[in-house]
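This briefing goes through one protein model, topic by topic. Please keep the sequence and the coordinates in view while reading.

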Amino acid sequence: MKIVTTYSFEKKKYTIYPLITILFLLSSKVTAQNDTIFFDKQWKISTKEVAFYYRIKPLKIKTKDAVGYKIKNTDSLFTIKDYYLNSNKIQFQGYSKDYNGDYLVGKAKWYNENDDTIETREFNYRKNNATPRFRIPDWPILYLNYSIANKSLLTAGMEFCLDCHTDNKLFIGAGYGITNSYNDKYYGFPDLHLSFNTEYFLFLKAGSSTKNAYAMGGVTFLNMIDLGLGYSLPYNKEKIPTYQGFTTSITFRFTNNKNVYSKFKIM
């Protein structure tokens, strides 16, 4: 009887161990999936099948351990780490006051898929704990625009990229244009505009000066050069200078911010 009992016990033991191992592996896999957040190309939460990026579930760390100083009413921060799904290489790392990573604190870094740092920014809450709780636009871009309607116009100024971490870029700009096509006299046109440049090498632009309003559309080469066709409507046709009619234009952008320029993609 003892021999039979021992055999039965040993047999059950060797049967239970594999089952425990399988259950452990399955539970680990489910836990890993629950700890991963997937994002699509526009950084919206998605499923793994259509994702371009993923984030390991943010964990909390003491504020002073994370950034080296205390912040009023903030005892801990979330550690944010994002990765490229196709290569598993890091895309972003930093700290945030919130779980979603909207209110960044301390040093934040963005990387390309070659592990090169493409941008580093410091979100400093030392002074009066009053850093605005939104991402400020990227540093100004210098632009130069030459356009022709009934007269030619040369405009230069600065733009801000309101959101340069997506493939579609939105630029807001202000500048000043000059034309000398009226009996060799120079006239000025202050310029204010919005330009929406898509990842498909197209752009739409609308702007205004004190003399006219205009709308433009066309193609862009990596946001470095915009070639457009549109129409300009003067506010007062009887008072010079007027700038009116169908308009063609070319715009050049100059900046050290690599996020402004789109990456060339071979289909």
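The model is predicted, with local features needing pLDDT of at least 70 and side-chain atom pairs counting only at pLDDT 80 or more, while totals for chains, interfaces and linings use all residues. Residues are numbered from 1 along each chain as its sequence is written, and side-chain values use heavy atoms, with hydrogens and water left out.

**Overall make-up**

- The protein has two helices and 16 strands; these are DSSP runs numbered from the N terminus, helices (H or I) having at least four residues and strands (E) at least two.
- Of its 267 residues, 37% count as buried (under 20% relative accessible area, with exposed over 50% and partly exposed in between; 1.4 Å probe, protein chains only).
- Contacts are heavy atoms within 4.5 Å; among those between residues at least 6 apart in sequence, 39% join residues at least 24 apart.
- Carbon and sulfur atoms hold 61% of an accessible surface of about 17300 Å², computed by the Shrake-Rupley method with a 1.4 Å probe, where for residues only the protein chains shown count as cover.

**Aromatic rings**

- Rings of Phe, Tyr and Trp (its six-membered ring) pair if their centres lie within 6.5 Å; planes under 30 degrees apart are stacked, over 60 edge-to-face, and the rest tilted. The count by this rule is nine aromatic pairs.
- Tryptophan 43 and tyrosine 53 are stacked because their ring centres are 4.1 Å apart and their planes at 10 degrees. This pair spans ten residues, from the loop between strand E1 (36-39) and strand E2 (45-46) to strand E3 (residues 53-56).
- Tryptophan 43 is partly exposed at 22% relative accessible area, whereas tyrosine 53 is buried at 15%.
- Phenylalanine 92 and tryptophan 110 form a tilted pair, with centres 5.0 Å apart and planes at 50 degrees. Phenylalanine 92 is in strand E6 (residues 90-96) and tryptophan 110 in strand E7 (residues 104-111), 18 residues apart; both are buried.
- A cluster of ring pairs takes in Phe39, Trp43, Tyr53 and Tyr84.

**Nonpolar patch**

- Phe160, Leu162, Leu170, Ile172, Leu192, Leu194, Phe196 and Leu204 make a nonpolar surface patch of about 680 Å². Patch residues have over 30% relative accessible area and no salt bridge; nonpolar side chains (Val, Leu, Ile, Met, Phe, Trp, Tyr) are joined within 5 Å, like charges within 9 Å.
- Strand E11 (169-182) and strand E12 (185-197) are the elements giving two or more residues to this patch, and E12 has the largest share, with three residues.
- Leucine 162 lies in the loop between strand E10 (152-161) and E11 and is partly exposed at 39% relative accessibility.

**Salt bridges**

- There are six salt bridges, each a side-chain nitrogen of Lys or Arg within 4 Å of a carboxyl oxygen of Asp or Glu.
- Lysine 41 and glutamate 199 are bridged, their closest N and O atoms being 3.2 Å apart. They are 158 residues apart: lysine 41 is in the loop between E1 and E2, glutamate 199 in the loop between E12 and strand E13 (202-208).
- Lysine 41 is partly exposed at 24%, and glutamate 199 is buried at 16%. Together with Asp167, these two residues are linked in a network of salt bridges.
- Arginine 55 bridges to aspartate 82 (2.5 Å, N to O), joining strand E3 to strand E5 (residues 76-84) across 27 residues. Arginine 55 is buried at 8% relative accessibility, and aspartate 82 at 3%.
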